[in-house]
Amino acid sequence: MSRTRQLGKLFVADMKLMFREKQVWFWNIFFPIILMVIFMLIFGSSSENFKAKVAIVETSANATSDRLEQELRNVPVFEWKSEQPVDQAQADKWIEDKDVDAVIVLPATEDAKTLKLIFNKETEMSATSQAISGIVGQFIEQANWSEAGVTPTFNLDVSSISGGSEDLEYADFLMTGQIALAIAQGGLFGMVGMVEMRRKGLLKRLKMTPVRLGLLGLSGMIVRFILGVFQILVLTAIGAGFFGVNLHIDPATLIVAFFVGAITFNALGYLFSSFSKTMEAYMGYANIASFVMMFLSGIFFPTSGFPDWLKTVSEVLPLTYFVEGMRDGMAYGSGIGSSDYWLGIAILAGWGAVTYAIGALVYRRTKIEAR
Amino acid sequence: MPVLEVKGLRKTFGAVTAVAEISFSVEAGEVFTIIGPNGAGKTTTLEMIEGLVPPDAGTITVDGLTWEKNEDEIKYKIGVQPQSSAMFDLLTIEENLDLFASFYPRSKSIAEVLEMINLTDHRSKYVKSLSGGQRQRLAIGLAMISDPDVIFLDEPTTGLDPQARRNIWDIVLKLKELGKTTILTTHYMEEAEKLSDRVCIVDQGRIVTLDTPAALIDRLTKEREVRVSFLDGESAAAEAESVAAQLPGVTKTVREGAFLQLWSVQPEESLYGLFGFTKERGFRVEQVSIRELSLEDVFIAFTGKEWRD
């Protein structure tokens, strides 16, 4: 009876402490929003409106070059710098200034068979350049076949497939990643209050009262759960409202991933707090962990492009499994029935259990009364 | 039966002996003050009694209860204001009191505590915006929120200005009126003398002496310093000196111009004789005083150390 009353009072106090702290608002709400919006604006435009700016160089007009130009002008994703072919010098200038993504040089004579493609050295490895090479390559193949009067036997029809829903787009991927990251950071950084309480002697002061410190931890946990729900709602509202994110929510999948993830990252924060004597030290540890995981756990980009050794690292990190679980629950709308999902949840929970155990051990070894 | 009984307390940290041997008992309703130089073991002693630090040896009983068996009951009976008063900075005074009150099965009303610590007008202020004196008063308020029988105040006035210090004294005196037992440590002798029923001087982890402030002063050497100054100048003072040296009880005289100092084991007798002489000769005395002894003298006498505030 009095325990519930104590928990209630602690919870109310914790809520006030959290929402009166401006830092909490900034790092847990505004920062994730800013990060998400920036990434959405840079990378969020999906492939269907892929456009490449291209110019054509015609050194001397001839039948072959005229016909090729005619056909190239029909490729829908090319946006033309000029309606008329230009000379080599003008094209080189555009390339250097990055006014165009690529320049296509038409054959100089009727008998010449070579089409030249020019990129800026700096952007030669970019996705746009790769796409242009692919498109032009395919175009030439088509041209060869029609020249030889062959009807191709095989055709390649490319379409993307993602698990569950068909319309998973980058914006969906990014928003769910950002939500997972925000919740994870909430946990990693959330124990800073504990460090401060210990440093200022408040923990010692509370030890002089009959309150159970476990209740204090529990109420802090509940408050961070509420913050997590708030983060999900705000980021989802912005993602869906401004960036056309598609949601495929499976409540059970989402709730399990959220709970296990939030607890695990709280445990990580608890571990950091156990061996941090000052707030600065704690923030240092939390920042390192958050930075490493942010880029290695597939928050902003899929990990499939990583070299093998880095993939292995990624497969160890808890955020990898948390973000997968959250995506299962919010973007794919399935997961609760799959063994992969539960394996991920189990690894995540394992991280939580181990870090909590170590944290508790360190706390027991170091005296709270240490000033 | 004493409300607090401490027997043979001992605590070492590595090679350092913080508390060597401390025993005392405190009766209900007393203001019991522990003074001593820095590092004497005052805070460690308090922290052992408050249940924060387990002693290496010795027993502590609060109202017949021990920490090993009755941790919660003792916590209900005591209230603590630690040296560094930590509280929730982003909660208001009232919210802090309300939260701490919820930790206990019974508590004083918040309005009553606010009244006692004179913070009623500031109750909606965040703790982080309080002055040093207000913070300290709130810390004492938090210590009394559970209406404890025994209250520990660890240097409640250190670093406060004289007015703020006096406000704290008022609170201690109010607590005494309410019949509470107060265990106090302080850096100010004046405070110990004014507030305490008994004073315990601690040095190097041991009790040097323990008694009422008056008895402690009384226990000092019987020789008192008497000062007399004469309106009739140096010659009168010189004559008086030669007479005074012969008076009963006088051990030593020193004269500087018209100002005469004498040390006597019977100051009343010596003064009686001296005034008989001045009356007979018609010398006019400008000022006369017997220097009061203070706890500071007691401290110096017992520890051989200068007192530093």
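**Entry 1: where the chains touch**

I began with the two chains and found 20 residues of chain A in contact with 22 residues of chain B. I note that this is a predicted model.

Next I looked up which elements of chain A take part. I got 10 charged, 6 nonpolar and 4 polar.

**Entry 2: helix α11 of chain A**

I moved on to α11(A), which runs over residues 279-296 and has 18 residues. I took its reach from first C-alpha to last and got 26 Å. That is close to the 26 Å expected at 1.5 Å a residue.

Which residues of α11(A) are buried? I listed A:Tyr282, A:Ala286, A:Ala289 and A:Met293. I then looked down the axis of α11(A): its buried residues fall within an arc of 65 degrees, so they line one face of the helix.

I checked the other side of α11(A) as well. There A:Glu280, A:Ile288 and A:Phe291 are exposed.

**Entry 3: around α11**

What covers the buried residues of α11(A)? I found that the cover includes four helices of chain A: α6 (170-190), α7 (192-200), α10 (251-274) and α13 (318-332).

Last, I followed the chain past the end of the helix. Just after α11(A), I noted A:Gly298, which takes a positive phi of about 70 degrees.

Key: Residues numbered from 1 in each chain as written. Chains lettered and ligands numbered in written order. Predicted model: local features only at pLDDT ≥ 70, side-chain atom pairs only at ≥ 80, totals over all residues. Helix = DSSP H or I, 4+ residues; strand = E, 2+ residues; numbered from the N terminus. Expected span 1.5 Å × (residues − 1). Buried ≥ 20, exposed ≤ 12 C-beta atoms within 10 Å, placed from the backbone. Arc of directions from axis to C-beta. Contact = placed C-beta atoms within 7 Å. Nonpolar A, V, L, I, M, F, W, Y, C, P; charged D, E, K, R; others polar.
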